[in-house]
Amino acid sequence: MHAQRYRGGADRPAGVAAAAAIIAILALSSGLAADGRERAFVLDNGIRVFLYEKRDLPLVHVVVGFDAGSKDETDATSGIAHLLEHCVLFRGTTTRSGAAVAADVRRHGAYFNAHTGLDLSVFEVSAPAAEAAFALRNQKDILFGFDIAQAEVDAEKEVVLEEFDQMEDDPRLRATDLVLQALFPGHPYGRSVYGRREVVAAAKAEDLLAFHRRLFVTGNCAVAAVGDFAAADMEGLVREVFGPLPKTEAPAVSAPPAGPLKKSVSRRLERDVEGGYLYLGFAAPGYNDSDQYAVNVLVEALGRGVNPLLPALLRGERDIAQTVETAYLANRHGGAVVVSFRADPKDIPALERAAVASLKSARNASYSRRDFPGQAGLFAFDYLESGKNQVRFAAGRADESGLQLAASLVRHLLLNTREAPPRYLDAIGRVDSSDLRKAAAMVFARGEHAAVSIVPGKRRK
Amino acid sequence: MTRRPVRAAAAALAAAALAAAAGPPAWKEQPRKTVLTTGLPLIYQQDEASPMTVVGLFVPGGRAAVPEGLDGLATLATRLALELPDEDKVRDLMAQSTRLTFLCEADFSAVFIECLSENLEAALRVAGKVIPAPLMSGPRIGRAKEMMALAAESEADDAVAAGSGAAASSFFRGRGYGSSGYGSAASRKAIGRKDVLDFHRRFFTSTNVFFAVVSDLDRGTVQGFLEKHFSGFPGGGRPDVPAAAPARPADLEVRLAKEAKQTYIGRAWALPAPTPGDHARGSLAEVLIGRGPGSRLWDLRAVERLAYNVGARLSWMRGAGILEAFLETGSSKAGRAVGKLDGTLRELWDKGVSADELEAAKTMAKADFLRSAETKVERTRLFGRFEVIGLGFEHISGFFGAVDAVTAEDLNSYIRTVLDPGKALKITVGPGRTGAGQGG
């Protein structure tokens with residue numbers, strides 16, 4: 001789940017973390033490649049850096065991230081991270097106005113955007129390769145040279161409130177936001193990334209500056225650059241631009257682990273939509289949990305690809321689900337699996353019951369041909385191999401998008417707490433059918449879930 | 001690790017990039033067109049950025065080729081071309097994680113086979129049997145129609161997509177280019193099995209279809225696979241589907257009622273058919289008006305605080321283009337937003353662009369173009385689209401030159417001729433009693 005600054009450009013689907021994380025983990029856990037295309041180091045001020053040569057197109061992609069998201073807010077500041085991210089991107093610095101930043105970005109042929117999530121804030125820029133120095137300097141200036149007056153905050157608030165309206169009009173964004181809130185009651189993850197309207201409306205410049213001073217510091221920062229450059233040259237440039245920043249330690253991590261949902265919750269909204277939407281959320285392992293690999297494969301096997309398993313598990317009710325999708329959000333303090341459906345509005349209650357029962361039964365499912373005795377395996381679908389191959393497919397696709405690659409590298413630099421995580425695809429390759437049953441039991445067996453349905457309002461009935 | 005002096009490193013980086021930019025535009029490997037032994041053309045580009053292959057099979061025809069009253073037929077026929085007749089084939093593709101997708105545009109439809117390159121031959125073996133001779137049974141047609149109805153609902157739930165559909169429908173009177181890709185409930189019901197079979201027989205022929213492929217594999221390998229597994233297309237004449245010209249609608253105001261917090265307000269113009277020059281001019285106009293921070297519409301967000309989403313959108317067909325400028329605003333602000341949007345567009349029309357603004361737009365347009373074609377699947381689509389609309393696949397390399405050739409005088413003349421605010425189609429999607437259309 002993340003909020004993003006403006007539509008257009010190379011948008012990524014909201015809320016889907018699994019694919020984006022794959023290549024980063026793959027890259028970082030493999031060490032420097034034999035051909036020297038990768039380079040990882042830490043600046044003296046604590047900024048973690050990863051560089052990756054991708055020389056198929058004359059573009060450079062730079063992503064700067066901070067361990068600062070909605071998890072770092074309180075009820076009284078819910079929405080500040082999101083508003084700050086807007087202001088950093090569009091409202092200028094100590095030396096340039098927001099309009100000047102926008103004009104500079106445009107003059108250099110750059111695309112820039114940002115995303116706020118539960119855990120992180122990331123700021124991305126993509127530019128022609130000849131503009132690599134501009135890309136780095138621009139990101140450093142807007143992020144470490146941030147300053148803002150109240151009038152600018154007031155101006156950006158209105159844009160943020162428009163974004164609220166847009167999110168609430170979009171059944172998919174709205175349902176995802178509500179499901180995550182319901183899934184983590186009492187935990188910082190239970191606050192909407194978009195925040196509370198009244199907090200945003202009342203926000204002061206000093207609130208933003210205080211949040212920025214506390215969390216947008218070098219010890220809390222990672223930089224990734226991917227593109228058409230020689231890694232040695234880019235290292236020099238990164239050291240020149242980001243090296244002189246003063247060292248500031250990251251604040252201590254404050255959020256506790258997100259516990260399991262104690263009681264299922266269900267919420268129904270009526271909107272002017274054409275069909276019915278059902279979103280189910282289940283608590284899942286977090287980013288540093290060794291079970292994440294099995295959950296990734298499970299999610300792929302259940303709801304993605306040519307022939308996902310979940311419709312088959314719905315048995316007699318399979319025809320009432322018009323579409324099925326699954327997503328795994330591997331957050332630092334606890335993850336979520338979100339299963340979403342399109343269905344005829346009148347079928348939504350039955351679908352929720354059938355889907356939850358089916359997902360509970362996933363702990364007993366046969367995922368591999370080897371789960372079947374004798375000749376029966378020859379005629380069975382191998383959901384295990386399918387899920388693994390879909391992860392490989394996603395990794396291959398991620399190789400093609402420089403911005404996505406850089407964003408996932410930054411995400412890994414900031415979220416990973418393991419000393420030596422395994423190579424991602426190696427770990428995926430070791431997942432077996434019993435691991436999937438164990439993961440399904442962990443995520444779905446208790447049945448506690450958060451459900452949000454959005455159906456047409458009375459005017460459309 | 002050896003450290004080089006910092007200034008030298010930065011200079012080396014910039015010099016290397018500039019040297020690359022000064023050579024042939026952008027692509028390390030130039031795409032090439034050949035003809036397979038089966039007679040099917042192949043546009044091929046090798047790209048080792050990932051171990052993936054995307055094969056696009058393009059079928060000229062598209063919405064323009066659909067008979068009156070059968071809206072959705074091209075989509076339905078293309079969707080059914082991917083129907084796998086038995087579970088063994090489903091199982092094979094599933095295990096390999098190969099993806100079969102399709103799209104239907106104004107002038108063509110296409111199917112895409114996207115896979116790990118190691119699985120390419122296995123994927124083509126299955127697809128090569130199915131696509132030329134798909135199983136089009138009544139139940140399969142019925143299921144595909146249900147999926148189209150669902151997709152049409154999703155499209156209607158997206159105000160920007162709904163606004164775009166309304167623009168095409170108005171300029172082409174709801175026919176051909178202006179028809180709905182997914183059809184209406186009535187048109188879907190009217191489509192019979194014979195219609196689908198006839199459409200498939202007419203357009204999925206060896207004289208009409210062509211391939212575009214981007215892969216890390218060498219061309220000879222892929223060519224061999226395609227010749228081996230796609231020899232089953234029947235012959236036939238090349239269907240003549242005229243390129244329709246847009247017509248100015250009698251009523252320039254279109255309103256779609258939707259109970260929502262936000263109102264979509266759009267302005268749309270029909271553009272001249274896409275020659276390389278007009279394609280470049282249209283692309284520059286799109287960037288100038290609504291692509292990202294610093295565009296003309298950006299101030300409606302940053303200064304006027306009217307919207308979160310402001311933008312421009314350009315679509316091309318053989319006979320024309322359509323450029324839309326739009327914003328989504330809180331419904332209480334709709335009246336003021338209409339006035340500001342029209343004022344901004346009128347100022348562009350009245351005063352044109354400066355040389356500096358044009359240079360920035362050129363840089364932005366070229367970089368945006370590269371970003372839009374970075375992934376293999378998007379580049380494959382671009383090859384096919386350029387080929388069908390008459391620009392030719394080579395335009396992926398020629399685009400930079402065409403953009404650089406546009407002068408401020410050219411572009412201002414184009415804007416004066418084409419983007420007259422008084423002749424713009426005015427589209428509103430939102431609550432019925434908005435202030436849209438009242439000015440402000």
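Reader: How do you know whether Asp278(B) is buried or exposed?

Author: Happy to start there! Asp278(B) has a relative accessible area of 14%. Buried means under 20%, exposed over 50% and partly exposed in between, taken with a 1.4 Å probe on protein chains only. The 14% falls under the 20% limit, so Asp278(B) is buried. One note on the basis: this is a predicted model, where local features need pLDDT of at least 70 and side-chain atom pairs count only at pLDDT 80 or more, while totals for chains, interfaces and linings use all residues. Residues are numbered from 1 along each chain as its sequence is written, chains are lettered from A and ligands numbered from 1 in the order in which they are written, and side-chain values use heavy atoms, with hydrogens and water left out.

Reader: What makes the pair Arg281(B) and Asp278(B) a salt bridge?

Author: The term asks for a side-chain nitrogen of Lys or Arg within 4 Å of a carboxyl oxygen of Asp or Glu. Here the N to O distance is 3.1 Å, so the pair meets that limit. Both residues sit in helix α10 (residues 276–290) of chain B, three residues apart, which puts about one helical turn between them. Helices (H or I, at least four residues) and strands (E, at least two) are DSSP runs, numbered from the N terminus. Arg281(B), at 19%, counts as buried too.

Reader: Why does the salt bridge of Glu105(B) and Arg385(B) tie together separate parts of chain B?

Author: Their closest N and O atoms are 2.7 Å apart. Glu105(B) is in the loop between β4 (99–104) and β5 (108–116), whereas Arg385(B) is in helix α14 (residues 376–389), so the pair links parts 280 residues apart in sequence.

Reader: How many salt bridges does the rule find across the interface of chain A and chain B?

Author: It finds 10 there, and the count over all chains is 61. In chain A, helix α5 (residues 150–169) provides the largest share of the side touching chain B, 12 residues. By class, that side has 30 nonpolar, 19 polar and 36 charged residues. Ala, Val, Leu, Ile, Met, Phe, Trp, Tyr, Cys and Pro count as nonpolar, Asp, Glu, Lys and Arg as charged, and the others, Gly among them, as polar.

Reader: Is Ser126(A) buried or exposed, and which residues does Ser126(A) touch?

Author: Ser126(A) is buried, at 0% relative accessible area. Leaving aside neighbours within four places in sequence, Ser126(A) is in contact (heavy atoms within 4.5 Å) with residues including Val60(A), Tyr111(A), Leu403(A) and, from chain B, Arg371(B).
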